[in-house]
Amino acid sequence: MTRLSDLYGKFLDGLAVIAALLLLAMVLIVTGDIILRNVANVGFVWANEVSEYALYLITVLTAPWLLRRGQHVRLDLVLTAVPKRAALILEGIGDILGFVVCLAMIRYATLMTYDAWRIGSITIKNLVFPEWWLLVPLPVCFVLLAIEFVFRFHRLILNREKREEATSVA
């Protein structure tokens, strides 16, 4: 299981690299658009829209990676105030709840994506394309988050130590 977790971590690192490249592309597009608008009075009419989609993709690509690194949104104040055993129990409960919420989100995101595909809904702005193209990363993201919650719980059970990233306060 540890080897599988390590391989999964490398996969998530790859997704983070893709997200960083998307951010770079977004910066280049927006910069190019601004320069063209100011110099030649033309620009990329689709730049803002592509930036919106890129931000969304960056979010779904990095959420599992951030969770793995312990840098996802969390409230760790309680973990510093309770005894070690209670902190471990709370960490386990958090992982289980996170997994259950991810399962619910996988279900609803998949249904939403399927419905968009089934009825043929399209996104119409400057760019026109099927709406399900935008929605499909969502269930994938929650599958990846659910997998990471399983690995987190497994590491917690094996180590029986408070996670290094568990608290920002010593």
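Colleague: Which residues make up the largest nonpolar core, and how many are there?

Modeller: Bear in mind first that this is a predicted model, where local features need pLDDT of at least 70, side-chain atom pairs count only at pLDDT 80 or more, and totals for chains, interfaces and linings use all residues. Residues are numbered from 1 along each chain as its sequence is written, and side-chain values use heavy atoms, with hydrogens and water left out. The largest core has 12 residues: Val60, Ala63, Leu67, Cys102, Ile106, Ala109, Leu138, Cys141, Phe142, Leu145, Ala146 and Phe149. To be a nonpolar core, a set must hold buried Ala, Val, Leu, Ile, Met, Phe, Trp, Tyr and Cys residues joined through side-chain atoms within 4.5 Å. H2, H4 and H6 each give two or more residues to this core, and H6 has the largest share, six.

Colleague: What makes aspartate 95 buried or exposed?

Modeller: Its relative accessibility is 3%. Buried means under 20% relative accessible area, exposed over 50%, and partly exposed in between (1.4 Å probe, protein chains only). So aspartate 95 counts as buried. Aspartate 95 sits in helix H4, and helices here are DSSP runs (H or I, at least four residues), numbered from the N terminus.

Colleague: What joins the side chains of aspartate 95 and arginine 152?

Modeller: A polar contact of 3.3 Å. The limit is a pair of N or O atoms within 3.5 Å; within protein, one must be able to donate a hydrogen and the other to accept it, and residues adjacent in sequence count only if both atoms are side-chain atoms.

Colleague: Why is tyrosine 114 called partly exposed?

Modeller: Because its relative accessibility is 43%, tyrosine 114 counts as partly exposed.

Colleague: And what kind of aromatic pair do tyrosine 114 and tryptophan 117 form?

Modeller: A tilted one, 5.7 Å centre to centre with 40 degrees between the planes. Rings of Phe, Tyr and Trp (its six-membered ring) pair if their centres lie within 6.5 Å; planes under 30 degrees apart count as stacked, over 60 as edge-to-face and the rest as tilted. Tryptophan 132 and tryptophan 133, at 6.4 Å and 85 degrees, are edge-to-face.

Colleague: How do you know that the span of helix H1 agrees with its number of residues?

Modeller: The expected span is 1.5 Å times one less than the number of residues. The 38 residues of H1 (residues 2–39) should therefore span 56 Å, and the end C-alpha atoms are 55 Å apart, which agrees.
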